[in-house]
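User: Can you walk me through this protein? I'm new to reading structures.

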Amino acid sequence: MNRARSACSVVATAAVVVTLITCVAIAKSQDIYVGGLAWPFLSDMGRDPPAYYVFVVGLCITAASLLFVWFFNYCYQSSAMAASASGCHKCLRAFVAVCGMLSAFALPILSICDTARFPSVHNASAYAFFCLEALAVLCNTVLTYRIYQQRNEDERYTMDGLDRQAVARVRRRAWVAQRTVAALFLAAFIVYLPVGLALSCEFEHLTIAKCLDLKLGADYCTSTMMLNSTSTKLWDYSTPECTSIHQMRAGAQLGCILTLVGYSLTFLFNYQDMKKYVEDDRSAYAVAGP
């Protein structure tokens, strides 16, 4: 079971990283239009084929893995939390699982519904994903602290004081890692959504004339991405007074993605074989002891 839990965290992380790197590489190599930003939004890099297919497959794999990551986390917390845990903590545990697992369903939607054809659906699902993840990360970190602080009286691990120290040490590492990554994620999240949207200018479509000037292709500008007689479905973030704000949000989005990747890896602390860890700790103590 521990291997399956660890594998889900690793697969979710690897899928995001590979998808991000591949979409960036394709966008750069094929000179895909990304709104005029130095660092674009990930969705714009995954808008056109072949990056679109990478984007969809990568995020669908991530979604499936993320679903199991949060489910396994719920199972871990159910076994790790003391029977004397309050009803509030038990409800919070369920709330974390619901938010985390629901967020996974938003990923396939935002990946399939790209920014050009279904911008409203894409944005709504993207915002839902990050908001649900923010709630899950914040509440889960609180529960990790609760597990770390509780008295370790579980007979499976606590044969003596030495074992309690070993278990506490593993749980402290999880708490420190999650606290650090959660703080970074929440900072990026605040800049990306509440602050970014409050400061953001009105989103504008790239005009057909400007699209042709950028040499994106006559058929691409006047047929494939045509919205109306004057505009395309593409977004233009290059307005001088708005570029810095859009760039700030794109950078914050990247920060959210990378910190969520890091947070997924912190679950590996939870999935350590606690029995083996305790036995190794006891063996080391026996060798070093009197």
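Here is a short chat about the model, from the overall layout down to single residues.

User: What kind of model is this, and what's the average pLDDT?
Analyst: It is a predicted model. The protein averages a pLDDT of 88. A score of at least 70 is reached by 87% of the residues.

User: Where does pLDDT stay under 50?
Analyst: One stretch is residues 155-162. Another is residues 285-290.

User: OK, layout. How many helices and strands?
Analyst: The protein has ten helices and two strands. Along the sequence the pattern reads α-α-α-α-α-α-β-α-α-β-α-α.

User: How much of the protein is buried?
Analyst: Of its 290 residues, 47% count as buried.

User: Now the strands. In which sense do β1 and β2 pair?
Analyst: Antiparallel, over three bridges. Strand β1 covers residues 204-207, and β2 covers residues 231-236.

User: Is β2 mostly covered or mostly uncovered?
Analyst: Mostly covered. Five of its six residues are buried.

User: Switching to helices. How do α3 and α9 pack?
Analyst: Their angle is about 35°, and their axes are 11 Å apart. Helix α3 is residues 51-80, and helix α9 is residues 240-270. The crossing is left-handed.

User: Which residues meet there?
Analyst: From α3, they are V69, W70, N73 and Y76. From α9, they are Y263, F267 and N270. The residues of this contact divide into five nonpolar, two polar and no charged.

User: Last one: T144. Which helix is it in?
Analyst: T144 lies in helix α5, residues 119-149.

User: Is T144 buried or exposed, and why?
Analyst: T144 is buried, because its relative accessible area is 7% and the cut-off for buried is under 20%.

User: What does T144 touch?
Analyst: Leaving out residues up to four places away in sequence, T144 touches A174, W175 and Q178.

User: How far is T144 from A174?
Analyst: Their C-alpha atoms are separated by 7.3 Å. Along the chain, the two are 30 residues apart.

Methods:
Residues numbered from 1 in each chain as written. Predicted model: local features only at pLDDT ≥ 70, side-chain atom pairs only at ≥ 80, totals over all residues. Heavy atoms only, no water. pLDDT = per-residue confidence, 0-100. Contact = heavy atoms within 4.5 Å. Buried < 20%, exposed > 50% of the residue type's maximum accessible area, 1.4 Å probe, protein only. Helix = DSSP H or I, 4+ residues; strand = E, 2+ residues; numbered from the N terminus. Pairing = 2+ DSSP bridges. Axes fitted to C-alpha atoms, helices over the stretch in contact; angles between N-to-C directions. Left-handed = near helix turned anticlockwise from the far one by under 90°. Nonpolar A, V, L, I, M, F, W, Y, C, P; charged D, E, K, R; others polar.
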